[in-house]
Amino acid sequence: MIAKRVAAEKAVELIDNGMVVGLGSGSTSTLAIRKIAEYVKNGLQITAVASSKNSEKLAKELGIPIIPFSEVKEIDITIDGADEVDHDMNLIKGGGGALLREKILAFNSKKFVVIIDESKLVNKLGQFPLPVEIVPFASELTLKHLEALNCKPLIRRHNDKEWISDNGNLIVDCIFNVINDPSDLNQKIRSIPGVVETGLFIGMTHTLIIGNMEGTTRTL
Ligand SMILES: O=C(CO)[C@H](O)[C@H](O)COP(=O)(O)O
């Protein structure tokens, strides 16, 4: 936890007065949200937009001013975690199922800052099952096309039911083991009708902050 915390706190130092801030999702982002709330209590003036209902609820409870997506023109900085990061700072995200909103935030941000502990660094993406958001309609056919890309696709379940995203969709966790060409795979998956978005974030990371167990950080 200390590795995630120091990475989160280092990222929050990049926030200035007047900024529109994108809030990520997951345990590392939660630590960032808690730190942002401390700054807000001490006078930092920002508005924020959240990438999940959970993050929005937490931010509101902690007193961070939240605006809806409809009021967002541009985001100055988004701070978010990741499940895997390769040497080119490409990511697998969506372990928490918030990949679509997270990608919209990242795409619309002047600066996309990724915060991780060093266990998330990998030589090649794919050990972590790739989350893919799909519409529930004709999910069997969409799964068949995902399987044809050499993965084992599993619809995410919770409490014996299909898990539903904040957008009313299903999440499929695709076990690839190794992804040799993340950009090509991203395009192939996105071309399947029924797929809404993938958890592959290619060339989107501006800054990567890596925390370690000694309580120090490295910024790339
Ligand atoms: O993409 C995400 C949620 O959709 C998270 O950022 C990712 O799963 C990392 O989570 P954590 O910080 O808990 O390790």
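Because the model is predicted, local features need pLDDT of at least 70 and side-chain atom pairs count only at pLDDT 80 or more, while totals for chains, interfaces and linings use all residues. Residues are numbered from 1 along each chain as its sequence is written.

Let's start with the overall layout. The protein chain splits into domain 1 (2-121 + 202-213) and domain 2 (130-197), with bounds taken from an automatic or database domain assignment. Taken over C-alpha atoms, the centres of domain 1 and domain 2 are 24 Å apart. Where they touch, domain 1 contributes 13 residues and domain 2 contributes 14 residues; contact here requires C-beta atoms, placed from the backbone, to lie within 7 Å. On the domain 1 side, helix H4 (residues 99-107) gives the most, with four residues. By class, that side of domain 1 has five nonpolar, five polar and three charged residues. In this scheme Ala, Val, Leu, Ile, Met, Phe, Trp, Tyr, Cys and Pro count as nonpolar, Asp, Glu, Lys and Arg as charged, and the others, Gly among them, as polar.

Now turn to helix H1 (residues 2-12). Helices (H or I, at least four residues) and strands (E, at least two) are DSSP runs, numbered from the N terminus. Eight of the eleven residues of H1 are buried, so the helix is largely enclosed by the rest of the structure. A residue is buried if 20 or more other C-beta atoms, placed from the backbone, lie within 10 Å of its own, exposed if 12 or fewer do, and partly exposed in between. Among the buried residues of H1 are Ala-3, Val-6 and Val-12, as well as Lys-4 and Lys-10. Their cover includes helix H2 (27-41) and the strands E3 (75-80), E6 (109-117), E14 (207-211) and E15 (217-219).

What surrounds the ligand? The shell has 18 residues, the closest being Gly-26, Thr-28, Gly-81, Gly-95 and Gly-96; a residue is near a molecule if its C-beta atom, placed from the backbone, lies within 6 Å of it. H2 and H4 each supply at least two residues of the shell, and the largest share, three residues, comes from H2. The shell divides into three nonpolar, eleven polar and four charged residues.

Finally, an open sheet of four strands runs in the order E8-E11-E7-E12, with antiparallel pairing. Its edge strands, E8 (152-155) and E12 (195-198), each pair on one side only. From one strand to the next, the twist averages 30°. E7 (residues 130-134) pairs with E12 over three bridges, and Val-132 stands opposite Thr-198 in E12. H4 lies across E7 and E12, at about 65° to E12. Helix H6 (residues 182-190) also touches E7 and E12, its direction making about 165° with that of E12. Axes are lines fitted to C-alpha atoms, for helices over the stretch in contact, and angles run from 0 to 180 degrees between N-to-C directions.

Technical notes. Two residues are in contact if their C-beta atoms, placed from the backbone, lie within 7 Å. Two strands pair if DSSP finds at least two bridges between them.
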